[in-house]
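Hi,

Here is the structure I promised to pass on to you.

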Amino acid sequence: MSSRLQAESLYKVFGRRPGEAVERLRSGADREELRADGTTAAVIDASFTVEPGEIFVVMGLSGSGKSTLLRMLNGLLEPTAGHVRFDDQDLTALGDRALREVRSKKISMVFQHFALFPHRSVRENAAYGLEVQGVPRAERERRADEALALCGLGGWEKSWPDELSGGMQQRVGLARALATDAELLLMDESFSALDPLIRRDMQDQLLELQKTLKKTIVFITHDLNEAMRLGDRIAVMRDGRIVQVGTAEDILVRPADDYVASFTQDVDRSRVLTAGAVMDPDVRGDEADCACETATPDTPFNELCAISARLSHPVAVLDKKRKLLGVVPRQRLVGFLGDERGEPAACATPRAKAVTTDA
Ligand SMILES: Nc1ncnc2c1ncn2[C@@H]1O[C@H](COP(=O)(O)OP(=O)(O)OP(=O)(O)O)[C@@H](O)[C@H]1O
Ligand SMILES: [Mg+2]
């Protein structure tokens, strides 16, 4: 199966003589050098692929180039160099009209401050993308209502936007994106303006929806905890460049450089890690006790600690068919919490192994 979305060595330079700037970047110049000439290298040599059904998170500080990158993915911004392929079609080579067509049918965008039309009902707002596509009224209202129901807004179809809370308005934005059947959702800080509790709610809702809808999603955030909760994989951006692409565990446990490590030092590891990530997979069947309480790869870290506390031997991690996948000795749990500088302890050491075989 080919990737749904591919970014190939994308550059975006704002300012004079952008082509020349790209050449300089290719031969090693950095953002600062170009800035001296009044040129901004917003995105530098970004390459990655997004698989069908994946939530791909792009994370980075303000100004790191996230929004610029996202706008190139749907052709709102033309890359200075590089290519964007969506379902094997080179978006960078399409004419305006063909591009608009792809954008209206296959790609939806959800922004941070979702601007609803104040004089349209919630239903009409959710149906807006379909209206643009020319879908007849009855059908677009049916599909809008379905999408609203999916987003927990059943019963609010006839309300006006100002009757809704901020979180609910943001849900209408999500419903609008879902109603179009777009396969690719681009979400730029979509939950960032919400209160923490509502934000968490929206994250849960998105994960829940994703279980059945299986959209391909590129989600931008500057919040590492949000990135870790939502992302199947996370790309970390710094000064226009992608410095690491990996799972939450990769980023946390195997940071590509000191920058990524410092970025992750405040993350509550216990909320990110699961039994599958911390277990020692290098174990034989007779080394673990599978008769007592056991874990699955998805068991959250905190629960794993609780199980471990009740057992005198390592926790066995089993798959759905109760096949042994690995074990978690208690010492290994401590090792994964990292020290106070946030550096992961040497987690793949055979130290844990020695404990297992004693059992
Ligand atoms: N149209 C533009 N013209 C000139 N410079 C721009 C333009 N758009 C973005 N930039 C610059 O490009 C860099 C990256 O901006 P971008 O908006 O992509 O960052 P971001 O990671 O989305 O930041 P934030 O988290 O604040 O939204 C910044 O230095 C910004 O000032
Ligand atoms: Mg932005």
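Below is what I found, going from the whole chain down to single residues.

**Overall picture**

One thing to keep in mind from the start: this is a predicted model. The chain has 359 residues, of which 39% count as buried. In terms of secondary structure, there are 17 helices and 12 strands. Among contacts with a sequence separation of 6 or more, 68% are between residues 24 or more positions apart.

The chain splits into two domains: domain 1 takes in 5–106 + 183–267, and domain 2 covers 270–358. Taken over C-alpha atoms, the centres of domain 1 and domain 2 are 33 Å apart.

**The ligand site**

What surrounds ligand 1? The shell is made up of Phe 14, Thr 40, Ala 42, Gly 60, Ser 62, Gly 63, Ser 64, Gly 65, Lys 66, Ser 67, Thr 68 and His 222. Two elements, strand 2 (40–50) and helix 3 (66–73), each give two or more residues to that shell. Helix 3 has the largest share, with three residues.

One has six strands in the order 6-7-8-3-9-10, with mixed pairing. Its edges are strand 6 (107–110) and strand 10 (241–246), each of which pairs on one side only. From one strand to the next, the twist averages 15°. Within this sheet, strand 3 (residues 55–60) and strand 8 (residues 216–221) run parallel and are joined by five bridges. If you want a landmark there, Val 58 has Ile 220 in strand 8 as its bridge partner.

The other open sheet has four strands, ordered 2-1-4-5, and its pairing is antiparallel. Here strand 2 and strand 5 are the edge strands, again each pairing on one side only. Strand 4 and strand 5 are held by two bridges in the antiparallel sense, and Phe 86 is the bridge partner of Gln 89 in strand 5. Helix 1 (residues 18–26) lies across strand 1 (5–14), strand 2 and strand 4, and runs at about 115° to strand 1.

On strand 2, have a look at Thr 49. Which residues does Thr 49 touch, leaving out those up to four places away in sequence? They are Ser 3, Leu 5 and Gln 6. Thr 49 and Gln 6 are 43 residues apart in sequence, yet their C-alpha atoms are 4.4 Å apart in space. Thr 49 counts as partly exposed because it has 16 C-beta neighbours inside 10 Å, which falls between the limits of 12 or fewer for exposed and 20 or more for buried.

**A hairpin further along**

Strand 11 (residues 315–318) and strand 12 (residues 324–328) pair in the antiparallel sense, over four bridges. Val 315 stands opposite Val 328 in strand 12. Together, strand 11 and strand 12 form a hairpin with five residues between them, and Arg 322 in the turn has a positive phi of about 60°.

**Backbone angles to check**

Asp 88 is not a glycine, but has a positive phi of about 65°. Asp 88 is in the loop between strand 4 (81–86) and strand 5 (89–90). Is Asp 88 buried or exposed? With 9 C-beta neighbours inside 10 Å, Asp 88 counts as exposed, because the limit for that is 12 or fewer.

Asp 181 also has a positive phi of about 65° without being a glycine. Asp 181 is in the loop between helix 8 (166–179) and strand 7 (184–188). With 16 other C-beta atoms within 10 Å, Asp 181 is partly exposed.

Cheers

Note on methods: Residues numbered from 1 in each chain as written. Chains lettered and ligands numbered in written order. Predicted model: local features only at pLDDT ≥ 70, side-chain atom pairs only at ≥ 80, totals over all residues. Near = placed C-beta within 6 Å. Domains from an automatic or database assignment. Pairing = 2+ DSSP bridges. Axes fitted to C-alpha atoms, helices over the stretch in contact; angles between N-to-C directions. Contact = placed C-beta atoms within 7 Å.
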